[in-house]
Amino acid sequence: MVRRTRSAKRLGTRHDLNYFKHWTAARKWRLAVSVSLPVVLVAWFLTGLGRGDSSGFTPGPMSHSHAFIGKKCESCHAFKVEGIALMKFRKKVTDEACLECHQAPAHKSNQAFTPGCSSCHSEHTASQDLRHVASGNCTQCHAAGVPHFQPVTGFPSKHPEFRPLQDSFRDPGTVALNHTVHLKPIQGPAGMVQLECADCHRTPVDASAGWRFASATTSPAVPKDSPSGLMLPVNYERNCAACHQLQFDSRFSASAPHQEPAAVRKFILTTYREYITANPNELRNKRNVLRLIPAANADPALRTPEQFVATQSRDAEQLLWRKTCKECHQIDFSQSEQRQGLPRVLPAQITTKWLAHASFDHAPHAALSCVSCHVKTQTSVETSEVLVPSIKTCAACHKDSVQLEGRAENGCFECHQYHDWSQRKPFVGKKSISQLAR
Amino acid sequence: MRIDKTHRGWAIATALLILLATLIYVFAISRHVSGAFGGTWAGLLFGTAGLALIIFHNLLSLRKKFPTWRIGRSQTWMRAHLWLGILLIPLVLYHASFTLGGGISKVAFWLTAAVIFSGILGAALQHVLPRLMTQRVPFETIYDQIDRVQAQLLKEADELIGGVESEAAKNGLLLFKNEGSGATAVADPEVAAPFAELRNIYQGRIRPFLQKRGDYGNPLYQRRNAKGVFFRLRKLVPAEVHEVLDDLENICEEKRDLDRQSRMHRALHAWLLVHVPLSYALLALVVIHAVIALRYM
């Protein structure tokens, strides 16, 4: 029988000694894919570029506000910086390019340095709003503390307490108000009522809706320059008149006007003159001695209309100055002799904007009940108490980046502005529609 | 390449470089105030180092093409490729500051991930499979020569069967005549039938198995089944033919080894079909990315 032989010679003939010169299928495949894949990828991007679509080359999406010029790179990427031409290759974003379309007032005249626009407003990042700048831009100066400001390195833990809540700061307002009394059932114009916060405090946006306790005769207009996100200052006609009527004599249904003392005096004199003219018999009536008026003279002899008007108006004024007005206002009698017997009502000094260097908007916080933030309101009895929420209240939500679920944004930009918009000047644009839009 | 204690130096150096990169990143990010990180001094540093590494990694294929060039030992190149490839992970992540970017950046990021992942997979396979192949494929040959060796095995088998028939003819015994794919005994059926059965099994099972690469459906593909087939054949044919059957069984064994080697070789090298083309694509994209970034930065 023939047997199989496995001699070295026979085994040696098994292999093609030039095998390495021939390409195997796997090797051919590898080469084909290695060449074609990069070519396809590069061609894909270059084709996009040829079509004018540069999105393949951008490091990230454009912000919403700049998306419309997303295909016109040269709108921002210029060849010049401060008038000096760059190398043809470079296309840097310059401040001049930004300022062609935008106005950007400086921060402070004494600031350490003026950063370039793009160092704070980062385009081509995930941020959809260029106003949302990183807090590091602010803290690079404010971390060390700048004149008149305490060091700030973050929010909330590394941010000082709001200034009105620091030390012995008191509400400068002179109109007396006891929040505790007003938040309990109280005597209203027609029986007991339960006041709501919105009966007295509303933003300009909500001001047009009816006010429950407004004056029946006058309705004050909302000042045009009122900050839209802040509460309107409490106003007598709008918020107090229905309950706190300025009656000075039971014979008249009309109240005294809520104006300066001179105007009040004029109104009272006119009212009494008209009254005595219409009712001359009143001269024979005795005065109502039951009215307990501080410093009133017990003189029953009223012989002439002039005497009637003088006496009655004097009593009415005393009632108003020393009781009705004084219930809320601080009245200064010290110089009344020089002011023809009229007192001086101290300015109300109602603070509308408590955080002088920050902006706040009540609208995004509308879902919250007022007292959930203004906690101290429920127990406040003194006018001088500051009822602004503490930074700890804000920190309950604003404790981290908004990207994290369950947390509200805590960046500096949320409350503070870098640009001093009071320095804003009239701005005239230079671009045409065709230069920007495509 | 087997990763053993000789790699310790490279591993330590890579760990130190990753630590250094991390320290630089932490320092830079603490100073960084806003926006994209890639254009900052640290971002550029990581980007430049990453690009240099990608170029270096792609040069490995050039190094393999010219093995005689005196530019360092192949082993050193492989170790550098392996360990500096791992270094690429933090460099890319730090360069991008853990964001994807857009367009080319995004594609390049995913390509980097795919290249590194396929490379790690390849390194793991190369760590395990060659040793396994040595153990499980005693008749291992040059992969590219498997088809040629397989053809020779078939030829040897044909010669063995042909030898049996010619030996019978020499003894004046015409065992059978071929009819189509089968064989019909023409001699004394008692003598010829076993040989006809051998012939039929050879033509129907053994030869197709030796002819076709893989042939997973054939009973001979499994060693246990093959033993059964040859055991039955031995019971059929006279003892003089048993030695030929032993040789045939050995040829089948060798063919099974070649199949096993093919399978293991494919597992060992398939990742290169992903790793290498993606590496070239990555190189092309990062060069474009670098040029565009420097132009518009």
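In the contact between the two chains, 41 residues are drawn from chain A and 43 residues from chain B. The structure described here is a predicted model. On the side of chain A that touches chain B, helix H2 (25-50) and helix H5 (136-142) of chain A each supply at least two residues. The most is given by H2(A), which contributes ten residues to this side. Classified by residue type, the side of chain A that touches chain B comprises 19 nonpolar, 14 polar and eight charged residues.

Chain A is built from twelve helices and eight strands. Of its 438 residues, 16% count as buried. Among the contacts in chain A with a separation of 6 or more, 58% are accounted for by residues 24 or more positions apart. Burial was examined in helix H9 of chain A, which spans residues 305-324. The buried positions of this helix include the nonpolar residues A:Phe308, A:Val309, A:Ala316, A:Leu319, A:Leu320 and A:Trp321. A:Gln312, A:Ser313, A:Asp315 and A:Glu317 of the helix are likewise buried. The buried residues of H9(A) pack against helix H8 (261-278) and strand S7 (331-332) of chain A.

In chain B, the axes of helix H2 (residues 41-65) and helix H8 (residues 242-296) come within 10 Å and cross at roughly 145°. The crossing of H2(B) and H8(B) is left-handed. From H2(B), the contact involves B:Gly47, B:Leu51, B:Ile54, B:Ile55, B:His57, B:Asn58 and B:Ser61. The residues of H8(B) that take part are B:Val276, B:Ser279, B:Tyr280, B:Leu282, B:Leu283, B:Val286 and B:Ala290. Nine of the residues in this contact of H2(B) with H8(B) are nonpolar and five are polar, with no charged residue present.

The largest nonpolar core contains 31 residues, of which B:Ala108, B:Leu111, B:Ala281, B:Leu282 and B:Leu285 touch the most other members. At least two residues of this core are supplied by each of H2 of chain A and, in chain B, helix H1 (8-31), H2, helix H3 (74-96), helix H4 (104-136) and H8. The largest share, eleven residues, comes from H8(B). When residues up to four places away in sequence are not counted, B:Ala108 touches B:Leu282, B:Leu285, B:Val286 and B:His289.

Key:
Residues numbered from 1 in each chain as written. Chains lettered and ligands numbered in written order. Predicted model: local features only at pLDDT ≥ 70, side-chain atom pairs only at ≥ 80, totals over all residues. Buried ≥ 20, exposed ≤ 12 C-beta atoms within 10 Å, placed from the backbone. Helix = DSSP H or I, 4+ residues; strand = E, 2+ residues; numbered from the N terminus. Contact = placed C-beta atoms within 7 Å. Axes fitted to C-alpha atoms, helices over the stretch in contact; angles between N-to-C directions. Left-handed = near helix turned anticlockwise from the far one by under 90°. Core = buried A, V, L, I, M, F, W, Y, C linked by C-beta atoms within 7 Å.
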